[in-house]
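Welcome, and please open the structure in your viewer. We will walk through it one selection at a time.

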Amino acid sequence: MTKKTNAQTPEKLTGIQLKKIPHSAVGVKAIQQSIAHITKEVGLIKGIGLLKNLNQKDGFDCPGCAWPDPDAKRAFLAEYCENGAKAVAEEATRNKVSPLFFATHSVNELAKWSDYEIGKSGRITQPMYLPEGKDHYEEISWEAAFTLIAKELNDLDSPDEAIFYTSGRTSNEAAFLYQLFVRQFGTNNLPDCSNMCHESSGAALTETLGIGKGSVTLEDFNHADLVIVMGQNPGTNHPRMLTALGETKKNGGKIITINPLPEVGLMNYKDPQNPLKWVGPGQDLTDLFLQVKINGDVALLKMILKLMKEKEKEYPGKVFNHDFINQKTAGVEEMLQDLNNYPLEDLYPQTGIDFALIEKATELIINNDKIIICWAMGLTQHKNAVDNIRELVNILLLKGSIGKKGAGTCPVRGHSNVQGDRTMGIWEKMSDAFLDKLQNEFHFEPPRKHGFDVVNSIEAMHQKKAKIFFGMGGNFVSAAPDTEFTAAALRNCDLTVHVSTKLNRSHLIHGKKAIILPCLGRSEKDLQATGEQFISVENSMGIVHPSYGHLDPHSDTLLSEPAIVAGLANATLKNSNINWTAFAANYDLIRDKIAKIIPGFENFNAQVRKDGGFYLPNNARANDFTPTATGKANFTLNKPSDLKLTEDQFMMMTIRSHDQYNTTIYGLNDRYRGVLNERRVVYMNPEDMRNQQLKQLDLVDLKSHFNGEERIAKGFLVVSYNIPKQCTATYFPEANVLVSIKSVARNCNTPASKTVIITVEKR
Ligand SMILES: Nc1nc2c(c(=O)[nH]1)N[C@H]1C(S)=C(S)[C@@H](COP(=O)(O)OP(=O)(O)OC[C@H]3O[C@@H](n4cnc5c(=O)[nH]c(N)nc54)[C@H](O)[C@@H]3O)O[C@H]1N2
Ligand SMILES: Nc1nc2c(c(=O)[nH]1)N[C@H]1C(S)=C(S)[C@@H](COP(=O)(O)OP(=O)(O)OC[C@H]3O[C@@H](n4cnc5c(=O)[nH]c(N)nc54)[C@H](O)[C@@H]3O)O[C@H]1N2
Ligand code: SF4
Ligand SMILES: [Mo]
């Protein structure tokens with residue numbers, strides 16, 4: 001038996017340096033950083049050749065975030081950001097993880113490496129197999145790997161004993177083929193990273209507006225009077241969004257930011273696409289900063305709703321858009337009535353914000369009609385995450401700020417094709433309408449029973465109800481909550497398989513047997529039997545567009561994701577009526593099927609080849625709310641946080657540094673927060689530190705408390721920071737060990753990784 005390895009990021013301090021927090025984001029420094037990363041990983045000449053193709057119409061889609069590209073004019077050479085360049089550098093790295101690497105380093109040894117060291121080891125070049133009881137991965141042929149996986153799958157008592165996870169980089173074509181294989185195999189166990197990400201947005205928006213996606217386009221930012229950015233750090237996670245916010249300001253619009261942290265990018269930025277602006281003070285973005293306490297958002301939004309209601313009473317017809325409310329919505333009376341159950345004095349302490357500032361924000365909302373609300377993980381990863389989003393929809397509906405130019409909902413998606421994967425059917429509970437069409441087109445009976453989401457999958461593997469884990473991308477053990485619990489779940493499996501570009505911790509925390517299937521990255525040419533292929537993706541605003549690989553593949557052995565699915569399907573499904581080999585040889589054939597099954601993809605092959613791609617239909621954007629249960633846009637009743645802290649407890653949010661992509665650690669610096677060369681930090685309010693008798697850089701252990709259970713993460717350095725009292729922040733994935741598997745959002749099971757109750761204990 002292999003010795004059990006530690007599933008957590010090893011406790012190892014790296015030599016912290018504290019720097020002044022910069023005044024402005026982006027600018028020259030960002031360009032320097034882009035060039036430094038690309039030069040180190042890829043080499044300067046090849047790197048510049050690569051970047052020149054990034055996000056261009058005949059180039060490849062950025063593997064970073066899902067922020068859209070401009071429809072028309074694109075900057076020559078530079079339609080990307082620092083973190084886009086880092087994402088490309090990471091994928092195109094010269095470093096290779098070859099069979100020799102695995103012969104040299106045992107799984108036990110690699111598990112002791114930091115996430116940074118694991119990631120930097122490079123791209124996996126060959127399929128690898130870890131036989132039961134062994135501690136070194138061994139080379140295996142594609143054929144043998146497919147045969148082995150197929151045998152394990154077919155030996156299961158039921159297809160529902162297998163889990164098929166997807167991360168959000170998988171292309172539309174690969175995702176469609178993958179879900180088709182999984183459903184023909186016989187299960188809906190298709191959890192994805194969305195279950196940990198914007199699931200709560202999907203749940204809230206489907207119920208209230210009849211579509212689980214946002215309603216605005218990039219152009220709307222040019223016309224908005226007011227943009228509210230909640231629970232989001234675009235300077236790091238969606239940097240080109242700052243350009244869109246800059247446009248709002250240029251056109252006279254205002255910006256309100258609601259966040260426990262004054263994130264640098266949102267405060268001020270220098271447009272990297274305009275060298276004339278690199279020197280000088282930069283552009284101020286945020287007009288009004290509401291420094292909310294973690295999970296104080298429903299309380300804050302409710303206060304705003306109450307103040308709006310009062311003003312409407314005073315000036316009837318001047319605050320609410322009655323025409324819109326009467327024609328398009330349901331439930332306004334109940335919502336306004338329900339506000340009486342929440343006195344201002346009860347809500348106020350949850351927000352931590354000056355009352356005068358809340359009044360000012362309300363005034364801006366009252367005095368403007370074209371309002372966009374943007375949000376990301378700061379709203380979606382809480383017990384009451386769905387409430388957060390439904391409550392902001394209440395405000396937009398009262399104002400009629402939806403389905404018109406310059407107004408609407410903007411959930412900003414994470415992974416570059418996470419939205420597209422869902423559109424393609426990667427979901428454990430796709431609608432019967434979708435499954436009916438699949439049945440008609442492919443002539444098999446897709447399973448109807450809903451499958452497991454991420455949290456249910458982990459529980460099922462823990463209880464040995466699921467025995468095979470298959471990951472299409474991603475790094476499940478590090479991304480999921482409750483690291484030790486998730487690790488135990490994976491170790492229970494008979495087989496864990498990962499389709500991956502780069503080495504990660506999930507290859508090291510494995511089932512009895514484990515397999516790594518190395519695939520092509522987005523930036524690489526994809527040559528199949530009928531010639532070179534392109535893939536397509538859907539960005540955060542529902543635009544589907546093509547992406548053409550540019551580099552020669554890292555190794556001759558790599559297969560594309562569609563080819564891997566086809567290989568697996570051929571090996572597993574003995575009497576399949578589907579010609580998997582033909583699909584892998586020509587992605588146009590996959591797109592023809594998508595066109596027949598998924599609304600909005602009619603003439604897919606022709607449409608996607610047109611300049612810049614095409615918009616998918618969006619009922620909320622079109623001011624049509626008939627797809628909801630009531631046939632109208634629904635007002636809802638929502639609950640503020642019910643989490644209570646004792647005097648020595650703190651609320652902890654797990655956030656991203658400027659130098660990471662989820663579990664991939666690009667570097668150890670968080671430049672915009674002034675912390676260099678260290679990730680094991682806990683950001684604390686200076687007054688809280690004094691009360692706890694903690695000094696700057698004291699070494700502490702963090703203990704989380706959930707329903708009487710304790711979890712511990714050892715060895716963090718205290719950093720004094722501008723954060724509300726009783727609030728703290730740590731980085732994901734180091735702190736995931738503290739998030740209980742049972743601490744999830746109501747109505748959608750998203751892990752509540754931004755509301756972890758902890759105590760801070762000095763060593
Ligand atoms: N460079 C880079 N880009 C990325 C990623 C990456 O890791 N690196 N990840 C991608 C993915 S998958 C995603 S989902 C997105 C994530 O993008 P973000 O959601 O911006 O990422 P987080 O770092 O989780 O940031 C959450 C923000 O919410 C704030 N916040 C936390 N709790 C609360 C709260 O209770 N209320 C409010 N109002 N604010 C709160 C935090 O202070 C922080 O500013 O980015 C995508 N883009
Ligand atoms: N505590 C805490 N936990 C969180 C979060 C948080 O804010 N706090 N955020 C959550 C969110 S929003 C998300 S989206 C999840 C992310 O969860 P995941 O999507 O599972 O994690 P990533 O780190 O994005 O996955 C990185 C790995 O994907 C593989 N990869 C990269 N590109 C490709 C490709 O093109 N094809 C294939 N097949 N593989 C590829 C590489 O091997 C790389 O190691 O984490 C969630 N977990
Ligand atoms: S904003 Fe997102 S999609 Fe655009 S270049 Fe940056 S990382 Fe890539
Ligand atoms: Mo995400």
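Select Asp494 and Lys512: they form a salt bridge, with their closest N and O atoms 3.2 Å apart. A salt bridge here is a side-chain nitrogen of Lys or Arg within 4 Å of a carboxyl oxygen of Asp or Glu. Asp494 sits in the loop between helix H25 (483-491) and strand E17 (495-500), and Lys512 in the loop between E17 and strand E18 (513-518), so the pair ties together parts that are 18 residues apart in sequence. Helices (H or I, at least four residues) and strands (E, at least two) are DSSP runs, numbered from the N terminus. Asp494 is partly exposed, with a relative accessible area of 25%, and Lys512 is partly exposed too, at 36%. Buried means under 20% relative accessible area, exposed over 50%, and partly exposed in between (1.4 Å probe, protein chains only).

Before moving on, note that this is a predicted model, in which local features need pLDDT of at least 70, side-chain atom pairs count only at pLDDT 80 or more, and totals for chains, interfaces and linings use all residues. Residues are numbered from 1 along each chain as its sequence is written, chains are lettered from A and ligands numbered from 1 in the order in which they are written, and side-chain values use heavy atoms, leaving out hydrogens and water.

**Second stop: Lys86**

Now select Lys86. Which residue pairs with Lys86 at 2.7 Å, N to O? The partner is Asp659, through a salt bridge between the side chains. Lys86 lies in helix H3 and Asp659 in the loop between strand E25 (650-655) and strand E26 (660-661), so this pair ties together parts that are 573 residues apart in sequence. Lys86 is buried, with a relative accessible area of 1%, and Asp659 is buried at 6%.

Select residues 241-250. In this helix, H12, 7 of the 10 residues are buried, so it is largely enclosed by the rest of the structure. Among the buried ones are Met241, Leu242 and Lys249. Just after H12, look for Gly252, which takes a positive phi of about 95 degrees.

**Last stop: ligand 2**

Finally, select ligand 2 and the 29 residues that surround it, each with a heavy atom within 4 Å of it. Tyr165, Ser167, Ala479, Glu561 and Thr663 are the closest.
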